[in-house]
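Subject: Structure handover

Hello,

Here is the structure we discussed, with notes on what came out of the analysis. Please look it over before reading on.

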Amino acid sequence: MKLTVIGLNHQTAPLAIREQLAFAAAALPEAVRDLSVNAAAEAVILSTCNRTELYCVGDAEMIINWLADYQGVNADDIRPYLYTLGCSETIRHAFRVACGLDSMVLGEAQILGQMKEAVRIAREQGSISTWLNALFQRTFQAAKEVRSLSGVGDNVVSMASAAVRMAEQSVGDIGSLNVLFVGAGEMNESVATYFAAKQPRSLMVANRTLTRAANLCSKLGNDAQACKLEALPEILHRYDIIISCTGSELPVITRDMMAHAVAQRTGSLKTSDASKTQFMLDLAVPRDIEASIAELPHIALFTVDDMAERVAHGKEARAAAAAQAEAMVQAKVNEFVAWQQSRQRVPLICALRDEGERARQQVLNHAMRQLAKGTPPEEVLERLSVQLTNKLLHSPTRALNKADSHDIHVVKALAQVYHLPH
């Protein structure tokens with residue numbers, strides 16, 4: 001059993017692969033519990049739009065097979081996209097992810113909250129214990145310090161601000177357009193806040209539960225309206241910008257729905273919006289919007305992977321901060337590895353001290369018996385010191401006597417322990 005991470009991200013796998021291995025938020029508790037029961041001694045699953053990672057204490061091959069079986073894919077088909085990291089590499093990777101150094105948006109802060117949520121779920125399911133608990137405690141402490149001292153999160157071009165620029169480049173001034181958000185989760189809330197600041201003509205939030213959509217609308221202002229997902233087929237044609245990010249495992253906007261919307265926009269009414277391109281941005285993994293919708297006329301469909309170039313702006317300006325952050329991360333990794341190694345030596349230290357205690361008790365008991373028989377104390381103390389010295393030095397002396405020219409490490413180790421020349 002060892003600490004490992006099995007994963008894939010936006011750098012190693014395309015969206016089509018990532019969405020096959022993503023875990024829906026609602027399914028995550030059952031999944032991490034199943035993983036910890038069937039393939040790992042400890043487990044945390046981190047699943048976002050850009051990555052799926054399994055932090056575990058266990059055998060990497062068993063974990064890969066579990067992932068393939070659980071997600072209904074062939075293990076050999078996903079291996080080319082996976083990274084499998086050993087103990088020290090896992091520690092460094094966790095620290096870098098938490099600090100935003102492995103993100104599509106360098107220095108972005110949202111991933112830290114997502115990691116904390118993944119750990120919280122793992123704790124609730126009883127799938128996290130000594131090693132992962134220690135790893136993530138140190139990870140979160142390191143992330144806080146690295147972010148505050150290195151400035152790696154300064155001047156971040158967020159996914160939200162990049163989405164606004166993409167929309168403006170595709171369909172023009174947002175202030176004259178109608179905007180629809182599908183889903184009322186954390187990602188859409190962040191993006192919607194940027195769009196609301198542009199004062200669109202109208203803003204609608206569609207969500208599975210109306211209450212959550214209404215709560216988001218109250219934060220956005222601008223007379224934002226709420227509706228349920230069931231209303232989508234009837235309202236899609238009204239919106240120039242459609243941004244979707246839900247936790248659904250199946251598309252919530254199908255080709256048939258959008259084909260009908262396009263027909264309505266270009267139909268016999270010939271409204272002023274009839275010839276306008278509809279900008280669609282799918283931030284969900286798995287995807288909310290069927291990919292074939294891009295083939296329809298007057299549709300500009302983008303996915304989370306299309307954001308990569310957009311968020312690269314300012315990356316060079318943060319290069320120095322990133323270099324400082326990387327150095328700080330490495331120092332934190334070294335501290336954690338040293339702590340981990342010291343913890344692994346604890347049983348040996350305890351056993352050594354237990355052996356010394358047994359020798360002390362044995363010699364002491366013999367001395368007490370000699371005193372009870374009337375042996376002079378000076379003689380008893382002399383014998384006690386000699387016997388205790390012999391017992392404590394018996395094992396290292398025997399090891400030295402048995403050592404040959406090939407056992408130079410034994411000689412060096414004992415010389416170091418007892419501060420002797422060799």
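In which helix does glutamate 186 lie? Glutamate 186 lies in helix H9, residues 186-197; helices (H or I, at least four residues) and strands (E, at least two) are DSSP runs, numbered from the N terminus.

Some ground rules. This is a predicted model, in which local features need pLDDT of at least 70 and side-chain atom pairs count only at pLDDT 80 or more, while totals for chains, interfaces and linings use all residues. Residues are numbered from 1 along each chain as its sequence is written, and side-chain values use heavy atoms, with hydrogens and water left out.

An unreviewed UniProt entry annotates Gly183, Ala184, Gly185, Glu186, Met187 and Asn188 as "binding site". UniProt positions are in the numbering used here, feature names are shortened, and annotations may be inferred rather than shown by experiment. From this set, the lining of the largest pocket takes in Gly183, Ala184, Gly185, Glu186, Met187 and Asn188. A pocket here is an open set of points on a 1 Å grid over the protein atoms alone, where a 1.4 Å probe fits, with protein on both sides within 12 Å along at least five of seven lines; lining residues have an atom within 4 Å of a point.

Glutamate 186 counts as exposed because its relative accessibility is 54%. The classes are buried (under 20% relative accessible area), exposed (over 50%) and partly exposed in between, computed with a 1.4 Å probe on protein chains only. Asparagine 188 is also placed in H9, and with a relative accessible area of 0% it is buried. Leaving out residues up to four places away in sequence, asparagine 188 touches Phe181, Val182, Gly183, Ile243, Ser244, Cys245 and Leu283; contact means heavy atoms within 4.5 Å. A polar atom of the asparagine 188 side chain lies 2.9 Å from the backbone oxygen of glycine 183.

The largest pocket

The volume of the largest pocket is about 970 Å³, where grid points are joined across faces, edges and corners and a volume is the space filled by probe spheres set on the points. The elements giving two or more residues to its lining are S2, H6 and H9. The lining holds 34 residues, and Ala25, Gly185, Glu186, Thr246 and Gly247 lie nearest the pocket centre. H6 gives the most to the lining, with six residues.

Helix H6

H6 covers residues 110-124; its 15 residues should span 21 Å at 1.5 Å a residue, and the end C-alpha atoms are 22 Å apart, which agrees. The expected span is 1.5 Å times one less than the number of residues. Buried residues in H6 are Ile111, Leu112, Met115, Ala118, Val119, Ile121 and Ala122. The elements covering them include helix H2 (28-38), strand S2 (42-47), strand S3 (51-58), helix H5 (87-98) and helix H7 (130-150).

Lysine 116 is also in H6 and is partly exposed, at 43% relative accessible area. Lysine 116 and glutamine 137 are 21 residues apart in sequence, and their C-alpha atoms are 9.7 Å apart in space. Just after H6, glycine 126 takes a positive phi of about 70°.

Cysteine 49

For "active site", the unreviewed UniProt entry lists Cys49. Cysteine 49 lies in the loop between S2 and S3 and counts as buried at 14% relative accessibility. Its contacts, not counting residues up to four places away in sequence, are Arg18, Met187, Leu283, Val285 and Val304.

Backbone points to check

Most residues other than glycine have a negative phi, and most peptide bonds are trans. The peptide bond from valine 285 to proline 286 is cis, with omega near 0°. Proline 286 lies in the loop between strand S9 (278-282) and strand S10 (299-303). Histidine 298 is found in the loop between S9 and S10. Histidine 298 has a positive phi of about 65° although it is not a glycine, and it is partly exposed at 38% relative accessible area. Glutamine 199, in the loop between H9 and strand S6 (202-207), has a positive phi of about 55° and is not a glycine either.

Regards

Key
A polar contact is a pair of N or O atoms within 3.5 Å; within protein, one must be able to donate a hydrogen and the other to accept it, and residues adjacent in sequence count only if both atoms are side-chain atoms.
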